[in-house]
Amino acid sequence: MASDHYPLDSAGDYPVADIAAAWRRERPGTPVSSIGIVTPLWRLAKLFGDDRRRVLARAGVDTATLDLLSVLRRAGEPYTLTTRELADRSMITAGAISQRVARAEREGLVTRRPGGGRRRSVLVELTPAGHELVESTVDQVLTREAELLTGLDPDQQNQLAELLRVLLQDVQRQLNDHRLTQVGEPD
C-alpha cells in the first residue's frame, strides 16, 4: 500500500502520501519514490528559510548581509578578506559579493580598501559595528535553529546530517554543480 512508504503525522495526515498516491492513480508507472524525500526537503527549506528571515528581521539584518558578516567573522582576526575570497567562501558570484559589500559598507558594517598585491584586489574588513551585529545575530539564528531540531534526538540529528551530506555530494556530482546558494535566492 502506498501509505506504507510515507509515515503519518500525529493528525493521521501526511500530504506527501496523498501526492504520491494521486500520481500513481493518474499516471500509473510514473516513478514517485522521490516525492517522499524531495517534497519534505523543499517544505523544510521553505520553513527554515522563512523562520530565519523572521529572526533576522527582528535583529535588523537580512540573510545576505549576515552571510557576508559571518564569512568575515569566521575568517578570524583581523576579519579581513579580499572580495574574491568572500565570493569563493560565500559560494556566490563576484557581482553578488560586490552588491553585498556595497550595502554593508553603506550600513557601516564593513570597510573596503585596495588590496596590497594585485591591481584590482579589494580588501573588505569587518567594522566594530559589523562585529557586534554578527556576534549577537549568529547566536539568535543558531539557537532558534537548534530549537527547531529538538524533534530529533542528538543521534538522529547526526544521522540525518550525514545522510544529507552524502545526498548533497552525490546530487552535486550528478549535476556537476558544486555551488551552494541561499535557499530561494538567485545565484
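I looked up valine 38 and found it in helix H2 (helices are DSSP runs of H or I with at least four residues, strands runs of E with at least two, numbered from the N terminus). Valine 38 is partly exposed, with a relative accessible area of 38% (buried is under 20%, exposed over 50%, partly exposed in between, with a 1.4 Å probe and protein chains only).

I noted that the model is predicted: local features need pLDDT of at least 70, side-chain atom pairs pLDDT 80 or more, while totals for chains, interfaces and linings use all residues. Residues are numbered from 1 along each chain as its sequence is written, and side-chain values use heavy atoms, without hydrogens or water.

Next I turned to the largest nonpolar core, which has 24 residues (buried Ala, Val, Leu, Ile, Met, Phe, Trp, Tyr and Cys joined through side-chain atoms within 4.5 Å). Leu68, Leu69 and Leu72 are among the residues with the most contacts inside this core. Helix H3 (63–74) is one of the elements that give two or more residues to the core, and H3 has the largest share, five residues.

I then checked H3 itself. Ten of its twelve residues are buried, so H3 is largely enclosed by the rest of the structure. Among the buried ones are Thr63, Asp67 and Ser70.

Last, I listed the contacts of leucine 72 (heavy atoms within 4.5 Å). Leaving aside neighbours within four places in sequence, leucine 72 touches Tyr79, Thr80, Leu81, Leu86, Val110, Val124, Glu125 and Leu126.
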